[in-house]
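Open the model in your viewer and keep the sequence panel beside it. The stops below say what to select next and what is there.

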Amino acid sequence: MNVFKTTCCIFSLALISIFSTSFTKGGDDKELDPETFYSMGEVKAMSADSIPYGTYVALTKEVMDKKNNIITMKSITIDQKGETVEYNYTMNINDPKFVVKDVDGNYSGVGKLHGKKWKWTSWDYSLYYTNPAGGRMEAFNYISLVGLVVNKAFYDANGKMLVRYKEHHKFITKEEFEILYLQVLKCSTK
């Protein structure tokens, strides 16, 4: 269950980062392409009836290639024990829809964007897992005054909700990301 929770957290954080930067920074044709954004967020995992499972911190780097309508993501999560998991995936944008696929083939999904292209204000998506087989995640993300907010839930192959997530993410600088990322990697190898 911990591996599953971590995997779901990582993916969600990465998606959040991708879209949150798109909402606030994108849309200007004169901007350099591709653009890179960084974020850090808190993920709270809980049971379907709100029993806490733990809190994770996520660091995310996203590269938005507007010319090719592709977003690539690198996300790493750290749990309360210092255990880390890193994921990489791509999103193919066909506004207002998108397709997600992770590099390792553990999940893929589809979603819908809301708002002007590269300035989206919210989005929803469904992910379908091959590990665990038949698992599905449903999520709704939106930009608020305090940053990106994510609400999502993971369901087993029978449609039973197993885990809910509440997330909040904020932008950080490239330098902050690099320092924190290196420290996380150091801690995870001890």
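The tour goes from the whole chain to single residues.

**Setting up**

This is a predicted model, in which local features need pLDDT of at least 70 and side-chain atom pairs count only at pLDDT 80 or more, while totals for chains, interfaces and linings use all residues. Residues are numbered from 1 along each chain as its sequence is written, and side-chain values use heavy atoms, with hydrogens and water left out.

**Whole chain**

Colour by secondary structure. The chain has two helices and 10 strands. Here helices (H or I, at least four residues) and strands (E, at least two) are DSSP runs, numbered from the N terminus. Read from the N terminus, the order is α-β-β-β-β-β-β-β-β-β-β-α.

Now show the surface. Its accessible area is about 9,500 Å², and carbon and sulfur atoms hold 54% of that. Accessible areas come from the Shrake-Rupley method with a 1.4 Å probe; for residues, only the protein chains shown count as cover. Of the 190 residues, 45% are buried. Buried means under 20% relative accessible area, exposed over 50%, and partly exposed in between (1.4 Å probe, protein chains only).

Contacts come next (heavy atoms within 4.5 Å). Among those with a separation of 6 or more, 48% join residues 24 or more positions apart.

**Salt bridges**

Side chains of opposite charge can pair when their charged atoms come close. The rule used here asks for a side-chain nitrogen of Lys or Arg within 4 Å of a carboxyl oxygen of Asp or Glu. It gives five salt bridges.

- Select glutamate 35 and lysine 66. Their closest N and O atoms are 2.9 Å apart. The pair links distant parts of the chain, 31 residues apart: glutamate 35 is in strand β1 (residues 35-46), lysine 66 in the loop between β2 and β3. Glutamate 35 counts as buried because its relative accessible area is 13%. Lysine 66 is also buried, at 15%.
- Select lysine 44 and glutamate 42. This salt bridge spans 3.9 Å, N to O. Lysine 44 is partly exposed at 38%, and glutamate 42 is partly exposed at 34%.
- Select arginine 136 and glutamate 138. The closest N and O atoms of this salt bridge are 2.9 Å apart. Arginine 136 is partly exposed at 25%, as is glutamate 138 at 27%.

**A nonpolar patch**

Select Met40, Val57 and Leu180. Together they form a nonpolar surface patch with about 200 Å² of accessible area. Patches take residues with over 30% relative accessible area and no salt bridge; like charges are joined within 9 Å, nonpolar side chains (Val, Leu, Ile, Met, Phe, Trp, Tyr) within 5 Å. Valine 57 sits in strand β2. At 34% relative accessibility, valine 57 is partly exposed.

**Backbone stops in the loops**

Most residues other than glycine have a negative phi, and most peptide bonds are trans. Now check these places.

- Asparagine 69 has a positive phi, near 55°. Find asparagine 69 in the loop between β2 (52-65) and β3 (70-78).
- Tryptophan 118 has a positive phi too, near 65°. It lies in the loop between β6 (107-116) and β7. Is tryptophan 118 buried or exposed? It is buried, with a relative accessible area of 5%.
- Aspartate 95 and proline 96 are joined by a cis peptide bond, with omega about 15°. Proline 96 is in the loop between β4 (84-94) and β5 (97-102).

**Last stop**

Select proline 132, in the loop between β7 (119-130) and β8 (133-144). Proline 132 is partly exposed, at 33%.
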